[in-house]
Structures are given as structure tokens and as C-alpha cells.
Amino acid sequence: MVNLVAAQKPLLHGLMKLAELTPQKVEIEEGTVMSFWVPRSSSKNEESRGKKDKKKKPAVVLVHGFAAEGIVTWQFQVGALTSKYDVYVPDLLFFGGSVTSSADRSPRFQAECLAKALAKLNVNKCSVVGFSYGGMVAFKMAELYPELITCLVISGSVLAMTDSISGTTLERLGFASSSDLLLPNSVKGLKALLSVAAHKKLWFPNCLYRDYLEVMFNNREERAELLEGLIVSNKDTVIPKFSQKILLLWGENDQIFNLDLAQNMKEQLGGNTTMQTIKKAGHLVHLERPCVYNRRLKEYLAASTQAE
């Protein structure tokens, strides 16, 4: 029987290729490989790339969340950005085709691997857009590599998943653990995740939920370890002093990381941080209101890249 979600992948790949992106594997170290969609020009040989350096567009890296790989998460953003930016869409480790033999499951390790991969792709400066889990990785990248990251756009995320944030959020949403929320193993569990992630109630036939579970929730053991690696003690949390400008771009009805959390984070981050909200959108703001999200994103990126 045909898996309807898997059957849509060639269409999504075709849309990426129309946007002049191409898939590429980047070996970071022995046993660690990250899969990317990269600008077609960046995958050509060194000689042809060198000829185009003067015309190179600003680089934008789109970092996905926990429930889907890169191009599924950012399918509505890629085409909106590629006319003015070189867009890079990675799959974090244990998503898509990205794997590692390392036992490290921390956001720091994800950030280090992503930065090393970008270096191998000859990206020495970029703006980073991070959603949910990808936002935590983006924050860590900006902290560790201030010379690489010029600005951040963060949606539905936090600086770090402290034990208090985790406990309060799970209790409010009615889930026993992060794995129960973010690693559903049944149609009922996936429906529960989408019910808190989306502002409007979504309806799909059960067969589509089953197909999505089969395609998007592989590497379950490793992903459960990633969730365990997220949690840090409140007493060990230090707010970094970021040199980059940061935009918090939020769905007003985000139930997972609500506006109170976002506003508190804005105050912690200080004067370089601004916040914008989008009405009639939840945690999946970039998918629910893509036109509004893309307009705000492009306005911010344009202002930030001109200021460099």
C-alpha cells in the first residue's frame, strides 16, 4: 500500500529544485554526516564557485523543529527567500539523512556539527532562522560562533529547556513527558501533538496520520535521547550576552511556548532583541500563516543584511 506522505516527497524535492536548491551530504568527521539542501551554485566545483564569489547572496540557514525534517518544516519559506538569499536547509542529526556515531545528544553538539558543516560549504557568515528545537540549536550556535551568525530569527523556542520550563509546560499541556508529546507512536498521540501545536483544529484521515508517523518519526531511540539531552537544571542556566540582533517571531496562540515565555525571554536577552507576534497562529506559525510569516521574515532579514 502506498504511503501518502512518502509519495509527496518527490513533489517537495521538485519544488526545492525549482528554487535552485540541491541535496548534498556533508561529512563533518568520521561517523558524522549531515544532509542539506544547498544552493545549486554552492555544490559546483571550486573554480566555478570562485568566479561567482562577487555575486554571492547573503546566506540564510533554516533550522527545523522536532516533528519533521528540514524541507518539510520550511516548505513555504524556501521559495520566498531564494531570489535574494542563498538558502541552506540542514537536517539535524537523527533527522532526514543525518547521522552520527557520537554518543553526544546535546544541542551544543548539534550546533557544533552544523557550524562545521557550514564551514565545509564555504559559508562564513549567515543569518539563522530557528523553529522550536531548531531555535535552541540556533541560540547555541550564535553563542559559540558569534563571527558566523549575523542575526537570529527564532519562533516557538526558548534559550534552553530548563527543568522548570519543561515541567510547567508539560503539566499545562497535560503530557507526562517530552517524549509523550514530541514522539507520538499512535494516531491518537499525533493528533494530540497537532492539537496543541496548531491554532486551528486540523483534520486528516487516520491513514495520513499513520503514514506521517511511519515516515517522520524514525530514529526513535536516538531522538528520545535528544530530548533527554535538552533538559538543563535551572541553577546551571546562564543567559548568554549575544552580539547579534535577534527577532522573536511568534504565533499569538502558541500553546507550547506561550507569549509569556517569549516576553520573559525578550527581557532576559536585552536591547538587541525585538519581538513580533502573528495573529491566528499557534506554535506552527510558519506553516499556519506563511504569507504573514514570510513578509515579516523578509523585512527583518533585509534590514539586518543591509546593516552589516
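Ring pairs link F66, F95 and Y133 into a cluster. Rings of Phe, Tyr and Trp (its six-membered ring) pair if their centres lie within 6.5 Å; planes under 30 degrees apart are stacked, over 60 edge-to-face, the rest tilted. This is a predicted model: local features need pLDDT of at least 70, side-chain atom pairs pLDDT 80 or more, while totals for chains, interfaces and linings use all residues. Numbering runs from 1 along each chain as its sequence is written, and side-chain values use heavy atoms, without hydrogens and water.

**Aromatic pairs**
- The ring rule gives six aromatic pairs.
- F66 and Y133 are edge-to-face, because their centres are 5.4 Å apart and their planes stand at 85 degrees.
- F66 sits in the loop between β3 (59–63) and α3 (70–73) and Y133 in helix α6 (residues 133–144), so the pair ties together parts 67 residues apart in sequence.
- F204 and Y209 also form an edge-to-face pair, with centres 5.8 Å apart and planes at 75 degrees.

**Burial** (relative accessible area, 1.4 Å probe, protein chains only: buried under 20%, exposed over 50%, partly exposed in between)
- F66 is buried at 4% relative accessibility, and Y133 is buried at 2%.
- Y209 is buried at 5%, whereas F204 is partly exposed at 34%.
- Buried residues make up 49% of the 308 in the chain.

**Overall build**
- The C-alpha atoms fill a box of roughly 55 × 55 × 40 Å along the principal axes.
- Of the chain's contacts (heavy atoms within 4.5 Å) with a separation of 6 or more, 72% join residues 24 or more positions apart.

Definitions and conventions
Helix = DSSP H or I, 4+ residues; strand = E, 2+ residues; numbered from the N terminus.
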